[in-house]
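User: Hi, I'm new to this one. Can you walk me through it?

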Amino acid sequence: MHFLSEEFVSEWANSSDPFGSSISGLIVTKIENGPAGKISLTIKIHDGVIEEAYLGSGRGRDLELTLSYDLASSLFLHEADPASEYMKGNLKMSGDMKLWLQILPLWRERATGSPMSELAGRVTF
């Protein structure tokens with residue numbers, strides 16, 4: 001399956017671990033310079049669980065992230081640290097800073113301290 005395809009997004013959302021019980025919000029991620037151009041991915045999290053994930057730009061977002069396709073791939077493969085990329089300006093954030101500060105440490109811990117998911121072995125880029 002291809003990275004960031006509808007099939008990928010569905011499987012990723014269903015296999016993701018909870019983010020933490022207090023995290024809730026609508027996050028739109030804009031991924032630029034991909035093979036199909038610009039992609040938007042919307043994730044709705046409620047009480048730490050992904051309730052919905054789909055390609056497209058959701059309305060009423062709490063948080064918007066912008067990054068390149070190459071960086072999105074590297075983050076998915078645990079080859080990059082989201083906090084470092086944010087500090088370098090390669091990962092941009094706008095919106096609810098409190099939500100961002102809840103998500104970033106969890107994302108960083110997963111990206112730098114845990115093994116990749118089995119989904120990574122079935123994805124093409």
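Analyst: Leaving out residues up to four places away in sequence, L63 touches L26, I27, V28, M93, S94, D96, L99, W100 and I103, where contact means heavy atoms within 4.5 Å. Some background: this is a predicted model, where local features need pLDDT of at least 70 and side-chain atom pairs count only at pLDDT 80 or more, while totals for chains, interfaces and linings use all residues. Residues are numbered from 1 along each chain as its sequence is written, and side-chain values use heavy atoms, with hydrogens and water left out.

User: Which residues have the most contacts inside the largest nonpolar core?

Analyst: F3, L4, F8 and L63, in a core of 34 residues. A nonpolar core is a set of buried Ala, Val, Leu, Ile, Met, Phe, Trp, Tyr and Cys residues joined through side-chain atoms within 4.5 Å. Buried means under 20% relative accessible area, exposed over 50%, and partly exposed in between (1.4 Å probe, protein chains only).

User: Which element gives the most to this core?

Analyst: α2, with five residues. Helices (H or I, at least four residues) and strands (E, at least two) are DSSP runs, numbered from the N terminus.

User: And α1, which of its residues are buried?

Analyst: F8, V9 and A13. Seen down the axis of α1, these buried residues fall within an arc of 125° (taken from the directions from the helix axis to the C-beta atoms), so they line one face of the helix. They pack against β2, β3 and α2.

User: Switching topic: how big is the largest pocket?

Analyst: Its volume is about 830 Å³. Of the 29 lining residues, W12, S16, F19, F76 and W107 are the closest to its centre.

User: What is the lining made of?

Analyst: The lining divides into 21 nonpolar, six polar and two charged residues. Helix α4 supplies the largest share, five residues.

User: Last one: is R61 buried or partly exposed?

Analyst: R61 counts as partly exposed because its relative accessibility is 30%. R61 is in the loop between β3 and β4. Apart from neighbours within four places in sequence, R61 is in contact with L26, V28 and K30.

User: How far is R61 from T29?

Analyst: They are 32 residues apart in sequence and 10.0 Å apart in space, C-alpha to C-alpha.

Definitions and conventions. On a 1 Å grid over the protein atoms alone, a cavity is a set of points where a 1.4 Å probe fits but cannot get out, and a pocket is an open set with protein on both sides within 12 Å along at least five of seven lines; lining residues have an atom within 4 Å of a point. Grid points are joined across faces, edges and corners, and a volume is the space filled by probe spheres set on the points. Ala, Val, Leu, Ile, Met, Phe, Trp, Tyr, Cys and Pro count as nonpolar, Asp, Glu, Lys and Arg as charged, and the others, Gly among them, as polar.
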